[in-house]
Structures are given as structure tokens and as C-alpha cells.
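Subject: Structure handover: ligand site and pockets

Hello,

The structure is below, for you to take over. My notes on the ligand site and the pockets follow it.

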Amino acid sequence: MSKSAGGPSALELARACYRPISLYAPDRAPAEIDVSDNTNLWGVPPVALETLRGAAESVVTRYPSLYADKLRSAIASYIGVSATEVVTGCGSDDVLDSAIRAFAEPGDLIAYPDPSFAMIPIFASMNGLRSVAVPLRADHSIDADAMLATGARIVYLCSPNNPTGTRMAAEAVRRVVRESNGLVILDEAYAEFAGEGLAGEAPQLSRLLAVRTMSKAFGLAGLRIGYATGAAELVAEVEKSRGPYKVSSLAERAGLAALESDIDWVNEHIALAVELRERLSAELRSRGYAPLPSAANFVLVPVGNAAALAAHMRSLGVAVRPFSKLPLIGDALRISVGPWEILERVLAALAEAEECV
Ligand SMILES: *Cc1c(COP(=O)(O)O)cnc(C)c1O
């Protein structure tokens, strides 16, 4: 078939709200040491790995379960809620996107803290929403009053917040739920490292959706398993928007195995990550840096020129995540916490990069 001349271009045919969107493109080129994405640097939980090795032949030719009900029940017991109060998805990204689509009409407003998770304004645009970035307060905490003052249909909160690592007190989240008129999404991707969260309480808070993931503490980022808890009626709307077959058979099997048989492994590595996060922060302070206090499995370190330092570190085989001109913070590097041998290599690369930049 020949291309017709004339007629609208693909770009003209696309939804207007898609035109300004560019693909998510952090530098993901392979590096010998990658501490750029806050995944579990100790690896895959052992029973989940064993399950994956054995499962492929028996499950791959058939469709997965519609709404991952077994996984949903296992998550419900892990969090301490009932299965009707859980929705899963293809990574928590999918759960966030589905929730935004389910609870806001095109043109509605979503408020999110700045800086926070980079995907939120992208999901907002993809769903035709307007978004408003609300700066953090001087102590890097989320400004609950300013978030409420937007009157947004959806308020997005993140605790511990990515990329700052800052936690938001549970009482402050409850107040936002009480005083806002819309849906409140609390992203708890790193809650395990803070040792606290509202996922268990979310169903009682009627308009709160607490979103979690198996990509970070559970070491299963490549399988894309996310979930949220909330009141059953709220979760049911997200389920409609998410649609069927979103969690693959292999992901469901491995996720189940991790929840049923790997919890001790997961908890041990959470404790280790917390211990080494404090050791890394102390080491950075002794070298003259002022890392932000973190409740997650990463540390944000203000630096002079993040892009140049990160590029030089990458040439030494170490990938960190650079941020430029963050409000209140300026340039900074985000470093995921992993085994100390890895963090020593990161510290050495940082020192060498500082010499050259
Ligand atoms: C990593 C991350 C996610 C995405 O997790 P997936 O489940 O892998 O999609 C969501 N929110 C925050 C704040 C994150 O840092």
C-alpha cells in the first residue's frame, strides 16, 4: 500500500493532550553497578526465583487469571485487609494510572508534591487532566495545606517521598483525606523501609487509596506487580479501569511465592537496607555532603553539578540518578542502598568524579 499524500499526519490525528508527552527516558544504559532505580540490590527472593524457574512450561500458553485473585488474597493477608479491599496491576504505575483514569474526568485537576514521583504529571497528561505541582516545605515535607488549597479532584501524596526520602506523618495524611473533597492517593512504594504506612488502614479512610509495589522491597521489578488497598467500593472502580489480565501468570505465581514463603528473606533485607542507608548517610556526611534524612532505600545527596558527576561516574561503571535544579534542593544525586561492597564502589566513583568535574 502506498502512503497517501494529503490528509492529517499521525501527530495531527493523535489526542491533543498527547502531543507534549515525551517518552520516559532516564539513562538506563547498562552499568556494572546500578544504584539508580531503588530496586532490591540483594536480588530475587529465593522461593520466588525457584517458582519462576519451574513455572514457565505449565502456565505460559494460557491466559493468566482475570484479576489475579490468588495474589490479591495473599496481599490482603500480608497487609491485614480483606481481598475485596485490594486491587493489583502491572506494576504500581499501572495502578496509579488506572486510579487517575477511574476518578477524574479530562480537564479535572490533580495536585502532586514537587519534587516527587516523575510519572505523576505524565499519567495526568495521558488522561487529559490538568496538574498542579505543589512545592515541598523548607524541611522537605509535603505541604498539606497547599495541597488542600488547590481543591484538586485527586491529591497525590508519596511517603516516603521519591526522590527526597522524606516521610509524611500518618496524621497529616489522615487530615488531607478528611479535609479534601476528592480522591487521595498515597504512594507507599517505599513504606517497608519506613516501617510504617497506611495500607492497612486505607479501607477505613473511605477516600484513600494506598498504592504499593513488589518492585522495591520484594525484588520483583522485572515482573511488574503493583497493588493498592482502599475501601471495597473504591478499589472496585480502579479494577474496572485496570481491566482484566494485567498481571502475567509468571508474575502472579512468583508474587504469591514471595508473599507466602519469602517474607523472612524480604524482612531481613529491609532491615539491612535501613542499616546501610544510615551508614551511607553517615559516610557521606563525613565527606562533607548533606544527604537528606531518608526513610526509604535510597539517599538524596545535594551536589554541585549532578549531570556532570553522574556522567563521570557512569564512565567508571556506576549508575546513579541525577536530578537538576530541584526546587529548594538544587542539583542532587539519588543513590539506592545495597550491599556495602557496592556502596563502597559508589563512594569511590563519586570521589573520583568530584576530582574531575
Ligand atoms: C518505583 C516507584 C513506583 C513504581 O513502581 P512499579 O510498581 O515498578 O511500577 C511508584 N511510585 C514510586 C514513588 C516509585 O518510586
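In the residue classes used here, Ala, Val, Leu, Ile, Met, Phe, Trp, Tyr, Cys and Pro count as nonpolar, Asp, Glu, Lys and Arg count as charged, and the others, Gly among them, count as polar. On that scheme, the lining of the largest pocket divides into 13 nonpolar, nine polar and nine charged residues. Please keep in mind that this is a predicted model.

The largest pocket

The volume of the largest pocket is about 590 Å³. It is lined by 31 residues, and Tyr24, Asp37, Asp93, Phe117 and Lys216 are the closest to its centre. Helix H4 gives the most to this lining, with four residues. H4, strand S5 (154–158) and strand S11 (321–326) each supply at least two lining residues.

The ligand

Where is the ligand? The space it takes is the largest pocket. There are 13 residues around the ligand, and those that come nearest are Ser92, Tyr190, Thr213, Ser215 and Lys216. By class, this shell has four nonpolar, five polar and four charged residues. Helix H4 (residues 91–103) gives the most to the shell, with three residues, as H4 also gives the most to the lining of the largest pocket.

- Tyr190: a polar side-chain atom lies 2.6 Å from an oxygen atom of the ligand.
- Ser215: a polar side-chain atom is 2.6 Å from an oxygen atom of the ligand.
- Asp93: here a polar backbone atom is 3.0 Å from an oxygen atom of the ligand.

Taken alone, the ligand exposes 380 Å², and the protein buries 93% of that area.

The second largest pocket

The second largest pocket holds about 170 Å³ of space. Which residues line the second largest pocket? They are Val59, Pro64, Ser65, Lys70, Ser249, Glu252, Arg253 and Leu256. Helix H10 (residues 249–261) provides the largest share of this lining, four residues. By class, the lining has three nonpolar, two polar and three charged residues.

Regards

Key
Residues are numbered from 1 along each chain as its sequence is written. This is a predicted model: local features need pLDDT of at least 70, side-chain atom pairs count only at pLDDT 80 or more; totals for chains, interfaces and linings use all residues. Side-chain values use heavy atoms; hydrogens and water are left out. A residue is near a molecule or strand if one of its heavy atoms lies within 4 Å of it. A polar contact is a pair of N or O atoms within 3.5 Å; within protein, one must be able to donate a hydrogen and the other to accept it, and residues adjacent in sequence count only if both atoms are side-chain atoms. Accessible areas come from the Shrake-Rupley method with a 1.4 Å probe; for residues, only the protein chains shown count as cover. On a 1 Å grid over the protein atoms alone, a cavity is a set of points where a 1.4 Å probe fits but cannot get out, and a pocket is an open set with protein on both sides within 12 Å along at least five of seven lines; lining residues have an atom within 4 Å of a point. A molecule sits in a cavity or pocket if more than half of its atoms lie within 2 Å of its grid points. Grid points are joined across faces, edges and corners, and a volume is the space filled by probe spheres set on the points.
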